[in-house]
Amino acid sequence: MAGRGWTVFPIQPGRKFPPAWHRKATCPGRGPCSAGHVFPEHLATTDPEVISRVWARAPYNVAVYAGKSGLHVIDCDVPKPGEPDGPDGWAELVELAGRRGGPLPDTWTTTTPSGGRQLWFTVPPGCRLAGTVKHIAAHVDTRGWGGYAMAPGSVRADGAYELFDDTDPVPLPGWLVQANVERGFTAVSGRAETAVAMPDAFAAKAVREECDRIVRTPYKQGRNKVLSTAAYALGQLVGAGVLDEAYARAQLRAAVATWNSPESAIKDDGVIETSLRAGMGNPRRIKPRHGTRRAA
Ligand SMILES: [Zn+2]
């Protein structure tokens, strides 16, 4: 794990929680905490010396801190005993990928003792994604900044975490970045929610490409230009009547939300509005799918 540059921290043997570290409430204020409590994520390390020293003490399980390691882990769980029969997290994720045009590439994957699977993806540099709980789907959580996932080889009373696919982790697909941060396909106005029309394949592809470009743009590297260009292009499709304005706005906001702070969201919203309007004022001419020139 650490050999891959992933930062690890010990978890109590035989368990997936808690980290082998005190809580803030019981902080002794010594050692690493002498200048204030530090959280396990800050102590998570790739240092082989520290790792061999710590793990010599006890057969700790191994937590990989996802965000700090440049990873985002998609955690597909299975329905709990007593839950009504239904699709498990993996089936939900596959269905969602199909509905949103995917892709869902092979990537480094582990299985959990309860029968779930965890897909490990890399995230673009500078991209801080928080984890989610039941947000992407009923049985799909994500582990991002501040979260960890258990490395294969870790054990619990009910079984072990195992390596399922040793493909090197691939980048988190754009549609999953957006699914992680967006609030769903509804435009919220006050307490009333308005359903938003889903785009056809052509417009959906355009949205995906523009939003992917936004997500891939490193922090502070021409982000305003990338955002305004994307919003203008999608505005042109809105103006042409092939894309729902609220859908375009929601997707742009979701893509930009991966960039950084809530404070910048206000400024980003301004760029989105201005460029979306400008694009709508200059509708794109959509070529008919089947040429009609000959008929003239
Ligand atoms: Zn402390």
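Buried means under 20% relative accessible area, exposed means over 50%, and partly exposed lies in between, using a 1.4 Å probe and protein chains only. Strands are DSSP runs of E with at least two residues, helices are runs of H or I with at least four, and both are numbered from the N terminus.

With those terms, take strand S7, residues 140–143.

Before going on, some background. This is a predicted model, in which local features need pLDDT of at least 70 and side-chain atom pairs count only at pLDDT 80 or more, while totals for chains, interfaces and linings use all residues. Residues are numbered from 1 along each chain as its sequence is written, and side-chain values use heavy atoms, with hydrogens and water left out.

Back to S7 and its neighbours. Two strands pair if DSSP finds at least two bridges between them. Strand S3, residues 71–76, pairs with S7 in the antiparallel sense over 4 bridges. Asp-75 has Asp-141 of S7 as its bridge partner. Strand S6, residues 132–137, also runs antiparallel to S7, and 2 bridges join them. There, Thr-142 of S7 is the bridge partner of Thr-132. The link from S6 to S7 is a hairpin through 2 residues.

S6 also holds Lys-134. This residue is not a glycine, yet has a positive phi of about 50 degrees. Is Lys-134 buried or exposed? Lys-134 is exposed, with a relative accessible area of 59%.

Next, the metal. Which residues coordinate the zinc ion? They are His-22 through NE2, Cys-27 through SG, Cys-33 through SG and His-37 through ND1, at 2.0 to 2.3 Å. Donors here are N, O and S atoms within 2.8 Å of the metal, or 3.2 Å for Na, K and Ca; water is not among the atoms, so sites may look incomplete. In sequence, the spacing of the donor residues is H-x4-C-x5-C-x3-H. The angles among the 4 donor atoms are 103 to 118 degrees, and the site is tetrahedral. As for the cysteines, Cys-33 counts as buried because its relative accessibility is 2%. Cys-27, at 26%, counts as partly exposed.

Two peptide bonds need a mention. Most residues other than glycine have a negative phi, and most peptide bonds are trans. The bond from Phe-17 to Pro-18 is cis, with omega near -5 degrees. Pro-18 sits in the loop between strand S1 (8–11) and helix H1 (40–43). The bond from Gly-102 to Pro-103 is also cis, with omega near 0 degrees. Pro-103 is in the loop between helix H3 (89–99) and strand S4 (108–111).

Last, the helices. Axes are lines fitted to C-alpha atoms, for helices over the stretch in contact, with angles from 0 to 180 degrees between N-to-C directions. The axes of H6 (residues 223–239) and H7 (residues 245–256) come within 10 Å and cross at roughly 165 degrees. H6 is therefore roughly antiparallel to H7, a term for angles over 145 degrees. The axes of H5 (residues 201–216) and H7 come within 8 Å and cross at roughly 25 degrees. H5 is therefore roughly parallel to H7, the term for angles under 35 degrees.

Methods. Tetrahedral: all angles 85-135°; square planar, octahedral: opposite > 155°, others 65-115°. Parallel < 35°, antiparallel > 145°, perpendicular 65-115°, else oblique.
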